[in-house]
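This briefing concerns a single structure, shown below.

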Amino acid sequence: MIFAWLACRKWRLTKFQYAPEKYPPDLFNYRIRQMSKREVVKLAIEDKRGPYVPWHCGLTVEAADKLQKHFGREDLDRVLDNHFVKLGSDIGFFTALDNDRFRDVFGVVWDRRVDKDIGNVEGCLLPEPTLAGYEFPDPLDRHFFEGIPDKISRYSDCLRVFKIGFSLYERAWTLRGMQNLLMDFLVNPDFVRELLRTIADYNIAQVNHALKYDIDAVYFGDDWGQQTGLQMGPRIWQEFIYPELKRMYAVVREAGKYVMIHSCGKVDELFDDLIEIGLNCFNPFQPEVMDVFDLMKKYRGRLAFHGGLSTQRTLPYGSVEDVKRETVELLEAGREGGYVFAPSHAVEGDVSLENMLAFIEVLHAQRGYKEQ
């Protein structure tokens with residue numbers, strides 16, 4: 001009888017996630033069991049309780065290799081059952097050079113002899129504080145978008161996240177050099193404003209095209225922090241970076257999509273400003289530099305978090321039981337919503353296979369998850 005009733009009253013199902021107290025428990029539980037991963041993540045971002053805490057876990061090349069060998073599979077998103085499908089190119093496309101070096105679409109050369117994932121910037125494309133003679137790449141290059149329909153189709157149950165890495169400050173210093181850019185904030189402020197505005201215009205053009213697809217969020221990557229605070233300090237961040245973030249975030253929010261950011265380090269002093277201009281979800285949420293449990297409580301209903309499992313201490317140096325205990329604590333803190341689990345950064349190669357399997361096991365053992 002209950003299924004016949006549901007068949008003719010489908011329009012009421014979406015209300016169960018918002019007001020379960022109005023409906024019989026068995027009816028509410030039926031709706032919860034039918035949720036896709038995409039729906040579960042949306043509940044979490046909107047600070048609503050779902051059937052379990054969702055997750056999306058990133059891996060470096062070395063860590064991914066360990067898991068691929070263990071499981072005998074290449075598609076680790078399916079093995080982990082990650083809840084996002086990543087669209088776009090994230091940090092861009094690269095042309096292989098010699099000696100483990102790669103050139104990105106902006107012309108920056110990355111040396112990956114040590115850091116196998118991104119690398120270290122080689123040289124300086126803008127040796128002088130001017131854009132004269134430098135041409136930005138095409139933000140609408142087909143390579144950024146050609147795989148989107150296929151990935152959405154293959155991962156239709158996941159949250160569709162269009163990613164732009166090095167989205168402002170990081171893109172600026174990779175072109176100009178970090179030391180040069182930090183000095184430019186003080187001695188060449190007009191150049192910095194022009195550079196950041198041009199980068200933001202590039203991103204906005206790419207976002208506007210991405211919004212033609214059925215995406216759910218735009219995920220900007222831009223590291224502002226170090227272990228003890230902002231690299232450039234709050235005054236400079238407010239003067240130069242904040243206005244361009246406001247422009248970029250507005251395009252996404254006006255389209256009815258989520259704004260998500262990744263910014264490493266201790267940047268929690270910026271949370272109120274970021275919420276004001278439209279941020280929905282913050283990553284990587286590092287426990288080494290901020291009190292993640294206190295921040296979950298403080299910003300409940302205002303900002304969701306993605307990350308939290310220590311990649312500087314627990315994962316590389318803790319025991320299997322340490323990893324399981326910290327994972328359980330984070331899941332318990334995030335049960336009511338406002339939280340998407342992950343290690344606080346892409347898992348590094350110095351993390352043992354056993355410790356990676358430990359948090360995966362806890363995630364997959366959550367009550368409510370296997371009922372999906």
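A residue is termed buried when its relative accessible area is under 20%. Cysteine 281, at 1% relative accessibility, therefore counts as buried. The model under discussion is predicted.

**Cysteines**
- Across the whole structure, the search finds zero disulfides.
- Cysteine 57 takes part in no disulfide, and its nearest cysteine sulfur, that of cysteine 158, is 13 Å away; a disulfide would require two cysteine sulfur atoms within 2.5 Å.
- Cysteine 57 has a relative accessible area of 4% and is therefore buried.
- Cysteine 281 is likewise in no disulfide, the nearest cysteine sulfur being that of cysteine 57, 13 Å away.

- Four strands form an open sheet in the order 2-3-4-5, and their pairing is antiparallel.
- Strand 2 (94-96) and strand 5 (120-122) are the edge strands, each pairing on one side only.
- On average, neighbouring strands of this sheet are turned by 40° against each other, with direction ignored.
- Strand 4 (residues 109-111) runs antiparallel to strand 5 and is joined to it by three bridges.
- Opposite tryptophan 110 stands valine 121 of strand 5.

**Helix contact**
- Helix 14 (residues 320-333) packs against helix 15 (residues 353-364) at an angle of about 35°, and their axes are 9 Å apart.
- The crossing of helix 14 with helix 15 is right-handed.
- Residues making the contact include Val323, Thr327 and Leu331 of helix 14, and Ala358, Phe359 and Val362 of helix 15.
- By class, the residues of this contact comprise eight nonpolar, two polar and three charged.

Terms used
Residues numbered from 1 in each chain as written. Predicted model: local features only at pLDDT ≥ 70, side-chain atom pairs only at ≥ 80, totals over all residues. Heavy atoms only, no water. Axes fitted to C-alpha atoms, helices over the stretch in contact; angles between N-to-C directions. Helix = DSSP H or I, 4+ residues; strand = E, 2+ residues; numbered from the N terminus. Left-handed = near helix turned anticlockwise from the far one by under 90°. Contact = heavy atoms within 4.5 Å. Nonpolar A, V, L, I, M, F, W, Y, C, P; charged D, E, K, R; others polar. Buried < 20%, exposed > 50% of the residue type's maximum accessible area, 1.4 Å probe, protein only. Pairing = 2+ DSSP bridges.
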